[in-house]
Amino acid sequence: MSSESQQMPIAPAAWDLTRDYHSFANSDQVQVTHLSLALKIDFATRTLLGEAILSLRYFEPQTSELWLDSRDLHILSVTTDTQEPLEFVLEVPNEILGQKLVIQLPAEKCERVCIHYRTSPEAEGLQWLMPEQTAGKQLPYLFSQSQPINARSWIPLQDTPKARITFDAKVQVPKGMRAVMSAMNHPDTPLEGIFTFEMEKPIPTHLLALAVGDLAFQAIGPRSGVYTEPCMLAAAATEFADTEHMLDVAQSLLGPYAWGRYDMIILPPSFPFGGMENPRLAFLTPTLIAGDKSLVSTVAHELAHSWTGNLVSNATWRDLWLNEGFTTYFTNRIVEEVYGKEQAELEWVIEFGRLKEEMAVLPCHRQTLPANVQQADPNLAFNRFTYDKASMFVHELEHRLGRTEFDKFLFAYVQHFAFKAITTEEFVKYAKVALVEAYSDKISEAELLEWIYGEGLPQGYVGPTSRSLDKVDSALEDFLKGKAASELKVQGWRVHHWQYFLTQLPEVLSQVQLMDLDDTFKLTESSNAEIACDWFRVAIRNHYDPVLPALSAYLQRIGRGKFVRPLYAELKIAGYHAELKQIYASARAGYHPSIQVQLDRMFNS
């Protein structure tokens, strides 16, 4: 939606825009600077027994309390580093935020606080898999997902991106299993049950990550490698073989890689995201292993976060666009260099299509770059709008300034805010000087603010196009005019051509048309998760029931939120209530707890 009828947008005044409304932490008074963590993994009870030693930095000397975030944690004891007991209380739970842990600090300030605790089997940031839920079927599996506010469900801490920490950890696991974290990992560590880790660079707490399972490692470059279950290792290493090249490209644009290594772990299919940019160990879904490198832009995306997201971070979840918009743009630049301009253009056009689809259903007041979710679940900020409108904004800046000048701006921006968490308003302040003043003939302050605070897209914005899609448009036109699917010219189409074709189909198709497409192109049987999801959405809204068995198997096999949320929503809208209930009952136990919570809310709304 265009916002041409509005006055020039300004930042909303009703909120303290420097405050993180999704954390109880009093980090402005006393901040945790380092976490020393000891964990014992108990698969039998699905719990972690933990000791968290928090090093403190005081901003206000008279501070008498330390406020931490927790969710479903059993706090066993709290002491100083000299074993002096400290009084503490867990306040009444909040449905979204969890519980505030208030610790009384001693009169003579202590440098460290030690918390002994146990997690809940239902910890929202942890998923426990039985051996039969893994690829190897021999050992159980555990992995975390801390973003946005689930680190507090497995560690008591100041769970806000405003308060960066360094950490070290000692993790005890059953012998024969490997533990890895978002830190420096050592693949030659013997499987004797003890693993140690260190992250000496300060990171936001949502980047704390842990995985434990039957994990093997293969190097794919001098600074990069892959962890995953042994049976998937060869395929993963082949699929992601270009990672080192991506690293070189990224460095040439935004400066030296700050994290030493860039390893990846391919998790079980229940991992709820395409990827998670945990430093030194990016988490990735196995749905990216398509066999033809067609979906590896997600690897580029998580790598790009090493600069825009991990190095320069959002201060609150309202400011998520600063992470995701710049990263989505930067991803496109990496793809262009590694895989060519055609693929980069195709992915950009697909982004724009997703954005228009999101704009059609998202309330106008939520169509600003800042995700104003201060009193809502921060997961609501993670939609295509946050990613793709922000990406269009950054692409527009490149278009206005020219690539050479824009690259100078982007490089300077990352270096200026490295290892800092910033708000939207801090970016605006910086941009008024670095963009508006420096390039006054290219962009005005009104245009800058319209992009950021205006609803929808600015009036007159022209989205991306690709001549590579002309052949798809031609085939689509022929099909809708009655030409048989077998007569369509689809030779040489990439995955993105098929995605574009499927998403451009009209809302209503006949059963004959759907059957023709399916019989000709075997769409219901597609092994590409992206194509299958797009096809299933078309089929559901047109009540093409032959897809239901494959759809059920897909939803029970894959737990990635990008796929399962829209498919369940389509089933609900289309009136497949009995089928939805049956599929979800079978699939729910295999989903990550955070996805379970989101889907439960969807079905109960």
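Biologist: Which helix holds methionine 232?
Modeller: Methionine 232 sits in helix α1, residues 230-239. Helices here are DSSP runs of H or I with at least four residues, strands are E runs of at least two, and both are numbered from the N terminus. This is a predicted model, where local features need pLDDT of at least 70 and side-chain atom pairs count only at pLDDT 80 or more, while totals for chains, interfaces and linings use all residues. Residues are numbered from 1 along each chain as its sequence is written, and side-chain values use heavy atoms, leaving out hydrogens and water.

Biologist: Does methionine 232 count as buried or exposed?
Modeller: Methionine 232 counts as buried, because its relative accessibility is 17%. Buried means under 20% relative accessible area, exposed means over 50%, and partly exposed is in between, using a 1.4 Å probe and protein chains only.

Biologist: Which residues does methionine 232 touch, leaving out those up to four places away in sequence?
Modeller: Those are Ile266, Leu267 and Pro286. A contact needs heavy atoms within 4.5 Å. As for threonine 134, 98 residues apart from methionine 232 along the chain, the two C-alpha atoms are separated by 11 Å.

Biologist: What about α11 and α13, at what angle do their axes cross?
Modeller: The axes of α11 (residues 495-504) and α13 (residues 529-541) cross at roughly 10° and come within 9 Å. So α11 is roughly parallel to α13. Axes are lines fitted to C-alpha atoms, for helices over the stretch in contact, with angles from 0 to 180 degrees between N-to-C directions. Under 35 degrees counts as roughly parallel, over 145 as roughly antiparallel, 65 to 115 as roughly perpendicular, and the rest as oblique.

Biologist: Which residues make that contact?
Modeller: On α11 they are Val495, Trp498, Gln499, Leu502 and Thr503, and on α13 they are Glu530, Ile531, Asp534, Trp535 and Val538.

Biologist: OK, sheets now. In what order do the 6 strands of the open sheet run?
Modeller: The order is β4-β7-β2-β1-β10-β12, with mixed pairing. Edge strands β4 (74-80) and β12 (194-203) each have a single partner, so one side of each has no neighbour in the sheet. From one strand to the next, the twist averages 15°.

Biologist: In which sense do β2 and β7 pair?
Modeller: Strands β2 (residues 47-58) and β7 (residues 112-118) are antiparallel, over 7 bridges. Pairing requires DSSP to find at least two bridges between two strands. Leucine 49 stands opposite arginine 118 in β7.

Biologist: And how many salt bridges are there in the whole structure?
Modeller: The search finds 33. A salt bridge is a side-chain nitrogen of Lys or Arg within 4 Å of a carboxyl oxygen of Asp or Glu. One of them joins aspartate 263 and arginine 261 at 2.8 Å, N to O, and aspartate 263 is buried at 2% relative accessibility.

Biologist: What is the partner of arginine 318?
Modeller: Arginine 318 pairs with aspartate 319, with the closest N and O atoms 3.4 Å apart. Arginine 318 is buried at 4% relative accessibility, and aspartate 319 is buried at 0%.

Biologist: Which residues are linked in a network of salt bridges?
Modeller: Glu357, Glu507, Arg537, Arg541 and Glu570 are linked that way.
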